[in-house]
Amino acid sequence: MTTATTSIAATNAATGILARKSPHMRGRRASKWLHKSRLYTILLLLMFPTLASMLVFTYYPQWETIKYSLYKWDGQDVRDFIGFANFEKAFFKDSLFWPTFQLVGILLVANLFKMLPSIAAAVVLHRLKSDRWQYIYRVLFVIPMIIPGLVTLLIWKQFFDSTTGVLNVFLNATGLMGVLQWLDVAMPKLAGGLAPAVNATSAAFGSVWGMVLVGAMVLSVPKKLLSLTKIWEWWAILVVAGIAIWWPAATDVVAAAAGGDIVADPSTSASLPAWLVASICTGVAVIFAMSVSRLRSVSNWVGGAMIVWAMGLVFFGMTWTAPTNSFANSSPAWLGESKLIIPSLIFWGFPWVGTVGVLLYLAGLQNISADVYEAAEIDGLGSIGKFWSIELPLILTQVRINLIFMTIGTLTDYGLIFLLLGPQGGPGNVGMVPGLYMYKTAFVDGQFGYACALGIVLAAIILVITVMYQKYVKVDK
Amino acid sequence: MSIAAHEAAPTGLRKYINATTIGCAVLFVAVAASFAQMLYAERQASPAGKKVIRISHWQLEAGYRDSLDWAIAEYAKVRPDVHIEQMGITERVYGQWLNCQLIANAAPDLAEMGGTKLVTDDSYTLRYFQPMGEIVSSHPNPYNAGTILEGVPWKETFIDGMRGAYRPQLLEYYSVPTTMYTTRIYANLDLLKEATGSDELPKTFGEYLKACEQLKSLGERTGRKIIPAASCYRMDDWMVLAKYRTGFTSSMEADLDTDLDGVITPLETYAGFLRGKFSFETPSLVAYYESMVAMAETLGRGFPAIDRQQAQFMFNQGQSAFLVTGSWDAAGMKRTFDKRGWRLAVFDNPMPGPGEKWGEYFTGASNEAGVGGGGNYGVYKLSKNKDIAIDFLQFLTSLKINEEFNAKALWLPITIGADVPELMKPFMPRTTGYTAKIDLKIGSEVASALTGAETKLFNKEMSYDEMAKTVEAKIRNPNVGGDFAASIEYDRAKTESRSQERVLGMMSAMAMLRPQADTAEDQLKYRKALMQHVRKNNAQEIRWRFETLRNKPIPPM
């Protein structure tokens, strides 16, 4: 400390001496500063319109959203400050908001798979030897971008039409409608057969999704010995994810503790803490076990098997549990029956080759140096090997960007569902997603302040997911 | 680059001819052409030396714009110094469009009122539209000279006496109706005859269901895809449900309508539900839902996915014998049927008759006397030509012009004495029947759950008991159900009163400071309206009712 002070004093003294001794040097410095400040002023002036626009049109509305989330606001004159009451309602009293995330979760998983055709298309395009054909295909991919979204929506709506739609005509012409009719009988039977397995898995892991969670943890255990920090990190994720899975029951427990009514099955609420603790302990035990060198080699197999088993139970034991009776007359109303709406939304956009996605991946692929491919060929890598070892890792940045866009889009978009199913989300509110719920709360129910609070909650969730993507979806190039 | 390539390189102007320059040139020409077209259209729209009146609406149905053009042309004969510009905006965006125009002080002189809160909300109506109470109440329509309506005050020349245009909270008229709307069922008589052997329209609900069964059988026999009925607005509350709910539940009025205003509000329905005046096991309510399931069955499975265009397509293609929609679609339907050589008819929603299933629970049809006028046009307060705009409205609603205008559009005239086209006669409002009905949309979440569950019930994806259980659980849920709806309503009424009292206080202070300013008629009227509103809406009544009924304080919002 003393040394540092002395040193600064000495420097100041030296500077003072220099300044006193060389007035022209001080002038040069001032002129240089003036020159620099002029440059900065010009740059700032040039940036001003953009900054001002951003402040006015981007940040100001967001600030207003945050502000009004603390108000009871009817969109017009009634504005009363109510603190965090809107958030309290969102977390503990609203029985519709959180269930909307079930559909969004399904759509997120589906959209994850729907990204794959775009990657495949980009790789195929990239590998085309003829530049001319590559150009033609690129143009063909861009053309759909000029079709207005509403037209695309109407085309798809017509596609799903029960009487004249292409889908039903195709299914009937190819005999696939018969397959669906058969599945409508066979799948519920299979689900009935798997019911004991579903129950057993749920008993062991709190729910089937608990098993998926633990499986994912096991699968993603690093191959090197876990450091203490890593373990805490994983543990934190496990707790957060566990809470998310058991959230509906957890809200009941909190409500019951506060003297409210329990809406869900009381047995679920009662067993919640036990299952939560058991699940977390199991997960942590597995992580520690995996960190032991002898077991590390089997972690992939164990984790993979757990996920495959759990997802198998989800698809075959929990999804098609009762006959829909929708295919009996050979003209199912894909957008008119609650049980067919989610499959229709998932099928929407088939074959899911998105223009922007393809072009984005293609740009990434074109940045890969030819040397890398030559080296791979020397190493004897085949087409599939090149994809897994070179192309996919090197476009992971683009994948991450698309993943973020896709996640934000899935969580916030509601236009399609609104136009197809109306503000209530169709029969049984089955198509209700968070964005649509937010819209309904504001513009149908007139609770603008509460809708702002829902928007903040949604933004926070998106932020968390984005941070997780940034942290975990990357590759060491 | 090779030497050959160098040699082949174009020179002079040719070197600029490539895909990029051609693309740019095409783009430039397109922009220039659209700019020129815009200037031309602008010039055409605003002929020199003429006063321009703009009239906006969302009635893009077949025939309406043509008939309005006809009325404009007729008006030009009377007022050659005026040019009227028609602006048809699609219904989906009309609200947003008008919002922008109003806020930007650039609204059309005459705007069809609706679609946006800036029009439907009293305070905004007051701000943006011209009060017309004086002119409609005290002055006759000069264009009715020589007719039976000569000398009659303008508002008394309308079939509804302009009751539909009256804003009770503002004690004022802010718009003038030009037509009337009701909803009925259109029928394809040829298809009906093919299925039933007779082209007689069903008179009762039972006959209607029987005809629908016969239509289904026809489809099965011939291999044609026939869905007996199509509905432009699915099982819409206004078009279908409310009509039947009135008949089935109006008998509860004496028990539920506690403030005796002839309307059973959602909170009154909730109060009656809690007091055990009715439940989901009440026979008339069960009968109502059973009959609506039967009605939905005629629309075909998956009817919630069918929108207006698809429903019209099915009817126009002969896939459906019946179409549930409003009077506004008549011209389009008639045009298509005339082209195809089919016979078109319109009939009232058939109700369960005596001796028919559900007939014993059905008291009678709903009353449409209060249907009010439609196609209401308001005069923009900042219009420079308000007098001409009002003059055009008088012209449009004069006996001969309104009759012809609506006949051309195949809509219902609003002026007394105007002839109604034969096809449109079944659309004339029914002036007898019942008005009160229960309203189970007790708060926003209950309404959402009810709509979702009802759709599943009508789609036969849920049983009545399951639906009742779902909705009842929602109604009884303390966080989102009836209690919450009551607290919201109480809060809304309280804050609204508070806000109005503030405005009233401010206006009173201004009146004391500037007494001459207070003599302005609209300010006086606004003060009266506010006082009436405050008296009515002080919210204590809601609170008192809740606390008496539930024996606990009204929950905080």
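This is a predicted model: local features need pLDDT of at least 70, side-chain atom pairs count only at pLDDT 80 or more; totals for chains, interfaces and linings use all residues.

**Entry: chain B overall**

I started with burial in chain B: 42% of its 557 residues are buried. I then looked up the secondary structure of chain B and found 22 helices and 10 strands. The C-alpha trace of chain B spans about 90 × 80 × 70 Å along its principal axes. I also looked at how far along the sequence the contacts reach. Of the contacts in chain B with a separation of 6 or more, 74% are between residues 24 or more positions apart.

**Entry: chain A overall**

Chain A has 23 helices and 2 strands. Taking contacts in chain A between residues at least 6 apart in sequence, I found that 70% join residues at least 24 apart.

**Entry: where the chains touch**

Next I wanted the contact between the two chains. Chain A puts in 25 residues and chain B puts in 27 residues. Which elements of chain B give two or more residues to that side? I found helix H18 (444–458) and helix H20 (482–513) of chain B. The largest share of chain B's side is 9 residues, and H18(B) supplies it. I sorted chain B's side by class as well, and got 9 nonpolar, 13 polar and 5 charged residues.

**Entry: the nonpolar core**

I looked up the largest nonpolar core and noted 166 residues in it. Leu454(A), Ala230(B), Leu323(B) and Phe392(B) have the most contacts inside that core. Leaving out residues up to four places away in sequence, Ala230(B) touches Leu299(B), Ile306(B), Ala311(B), Met314(B), Phe315(B), Ser320(B) and Leu323(B).

Some of those names sent me to helix H14 (residues 308–316) of chain B, where the buried residues are Ala311(B), Gln312(B), Met314(B), Phe315(B) and Asn316(B). What covers the buried residues of H14(B)? The cover includes strand S6 (183–188), strand S7 (229–231), strand S8 (322–326) and helix H15 (330–340), which belong to chain B.

**Entry: a helix pair in chain B**

I turned to helix H3 (residues 64–78) and helix H17 (residues 399–409) of chain B. Their axes come within 7 Å and cross at roughly 150 degrees. H3(B) and H17(B) are therefore roughly antiparallel, and their crossing is right-handed. From H3(B), the residues in the contact are Tyr64(B), Asp66(B), Ser67(B), Trp70(B), Ala71(B) and Glu74(B). H17(B) answers with Ile401(B), Phe405(B), Lys408(B) and Ala409(B). By class I wrote down 6 nonpolar, 1 polar and 3 charged residues for this contact.

**Entry: a helix pair in chain A**

For chain A I took helix H18 (residues 370–378) and helix H19 (residues 383–394). Their axes come within 11 Å and cross at roughly 140 degrees. That makes H18(A) oblique to H19(A). This crossing is right-handed. In the contact I found Val372(A), Tyr373(A) and Ala376(A) from H18(A), with Lys386(A), Ser389(A) and Ile390(A) from H19(A). That contact divides into 4 nonpolar, 1 polar and 1 charged.

**Entry: two loop residues**

Is Ser69(A) buried or exposed? I found it buried, because 23 other C-beta atoms lie within 10 Å. Ser69(A) sits in the loop between helix H2 (23–68) and strand S1 (71–73) of chain A. Setting aside neighbours within four places in sequence, Ser69(A) is in contact with Asn86(A), Gly449(A), Cys452(A), Ala453(A) and Ile456(A). I also checked Gln158(A), 89 residues along the chain from Ser69(A), and their C-alpha atoms are separated by 40 Å.

My other pick was Ile159(B), in the loop between helix H7 (133–138) and strand S4 (166–167) of chain B. Ile159(B) counts as buried because 21 other C-beta atoms lie within 10 Å. Not counting residues up to four places away in sequence, Ile159(B) touches Met180(B), Ile414(B) and Ile416(B). Last, I noted that the C-alpha atoms of Ile159(B) and Arg545(B) are separated by 38 Å, with the two residues 386 apart along the chain.

Key
Residues are numbered from 1 along each chain as its sequence is written. Chains are lettered from A and ligands numbered from 1 in the order in which they are written. Two residues are in contact if their C-beta atoms, placed from the backbone, lie within 7 Å. Helices (H or I, at least four residues) and strands (E, at least two) are DSSP runs, numbered from the N terminus. Ala, Val, Leu, Ile, Met, Phe, Trp, Tyr, Cys and Pro count as nonpolar, Asp, Glu, Lys and Arg as charged, and the others, Gly among them, as polar. Axes are lines fitted to C-alpha atoms, for helices over the stretch in contact, and angles run from 0 to 180 degrees between N-to-C directions. Angles under 35 degrees count as roughly parallel, over 145 as roughly antiparallel, 65 to 115 as roughly perpendicular and the rest as oblique. A crossing is left-handed if the near helix is turned anticlockwise from the far one by less than a right angle, and right-handed if clockwise. A nonpolar core is a set of buried Ala, Val, Leu, Ile, Met, Phe, Trp, Tyr and Cys residues joined through C-beta atoms within 7 Å. A residue is buried if 20 or more other C-beta atoms lie within 10 Å of its own, exposed if 12 or fewer, and partly exposed in between; C-beta atoms are placed from the backbone.
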